[in-house]
Amino acid sequence: MDAVVIVWLLVIGSAIWVAIDASNLGVKRGCLGGGVLDMGVAGWFFSLLLIWIVGFPAYLAQRSKYVARARLKNQPPEAEQQSSVKLPRLPLSDGGGAPKKYCTSCGHPLAEGTHFCGSCGAKLGA
Ligand SMILES: [Zn+2]
């Protein structure tokens, strides 16, 4: 195998990798808001085939933008929770663990064990 073949294999191989990587990241022409390097998957593929020495570093430079865009666009909820600091879940009731009671008549919050609403005086069943 001579050097020219090896170079071509590298060029074609990296062009295919870029095409697969770009389509996985949802790269589309103009998806970064325009510009010379804002190409689609096919655009990157042919850039690498024709001017690899320019196209490959340019793709790697653009790739971080594509990755950031792909993350923003379709971020699953699990991934979002994992990336951010987990906040402790606030308890729904203070203390006992039983849910707070509310007056069925006026909606006033009631302490445990009360049989009459302190706000409207309604008798509370059970
Ligand atoms: Zn009440």
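**Reading the terms used for this model**

Analyst: Of the contacts in the protein with a separation of 6 or more, 30% join residues 24 or more positions apart. Two residues are in contact here if their C-beta atoms, placed from the backbone, lie within 7 Å. The model is predicted: local features need pLDDT of at least 70, side-chain atom pairs count only at pLDDT 80 or more, and totals for chains, interfaces and linings use all residues. Residues are numbered from 1 along each chain as its sequence is written.

User: How many helices and strands are there in the protein, and how do they run from the N terminus on?

Analyst: The protein has four helices and two strands. Their order from the N terminus is α-α-α-α-β-β. Helices are DSSP runs of H or I with at least four residues, strands are runs of E with at least two, and both are numbered from the N terminus.

User: Why are α1 and α2 called roughly antiparallel to each other?

Analyst: The axes of α1 (residues 3-24) and α2 cross at roughly 165° and come within 9 Å. Axes are lines fitted to C-alpha atoms, for helices over the stretch in contact, and the angle between N-to-C directions runs from 0 to 180 degrees. Angles under 35 degrees count as roughly parallel, over 145 as roughly antiparallel, 65 to 115 as roughly perpendicular, and the rest as oblique. The angle of α1 and α2 is over 145 degrees, so the pair is roughly antiparallel.

User: Which hand does the crossing of α2 and α3 have, and which does that of α1 and α2 have?

Analyst: The crossing of α2 and α3 is left-handed, whereas α1 passes α2 in a right-handed crossing. A crossing is left-handed if the near helix is turned anticlockwise from the far one by less than a right angle, and right-handed if clockwise.

User: Which residues make the contact of α1 with α2, and how do they divide by class?

Analyst: Val11, Ser14, Ala15, Val18, Ala19, Ala22 and Ser23 of α1 meet Val41, Trp44, Phe45, Leu48 and Leu49 of α2. By class there are 10 nonpolar, two polar and no charged residues. Ala, Val, Leu, Ile, Met, Phe, Trp, Tyr, Cys and Pro count as nonpolar, Asp, Glu, Lys and Arg as charged, and the others, Gly among them, as polar.

User: Why does isoleucine 12 count as partly exposed?

Analyst: Isoleucine 12, in helix α1, has 14 C-beta neighbours inside 10 Å. A residue is buried if 20 or more other C-beta atoms, placed from the backbone, lie within 10 Å of its own, exposed if 12 or fewer, and partly exposed in between. The count of 14 lies in between, so isoleucine 12 is partly exposed. Its C-alpha is 6.4 Å from that of leucine 49, which is 37 residues apart from it in sequence.

User: How do you know that glycine 40 is partly exposed?

Analyst: Glycine 40 has 15 other C-beta atoms within 10 Å, so it too is partly exposed. It is found in the loop between α1 and α2. Not counting residues up to four places away in sequence, glycine 40 touches Val27, Lys28 and Arg29.

User: What makes threonine 104 and lysine 123 exposed?

Analyst: Threonine 104 has 12 C-beta neighbours inside 10 Å, which meets the limit of 12 or fewer, so it is exposed. Lysine 123 is exposed because 9 other C-beta atoms lie within 10 Å. Threonine 104 lies in the loop between β1 (101-102) and β2 (109-110), and lysine 123 in the segment after β2. Their C-alpha atoms are 9.2 Å apart, at 19 residues apart in sequence.

User: What makes up the largest nonpolar core?

Analyst: The largest nonpolar core has 12 residues, among them Ala15, Val27, Trp44 and Tyr66. Such a core is a set of buried Ala, Val, Leu, Ile, Met, Phe, Trp, Tyr and Cys residues joined through C-beta atoms within 7 Å. The largest share of this core, four residues, comes from α1. Buried residues make up 11% of the 126 residues in the protein.
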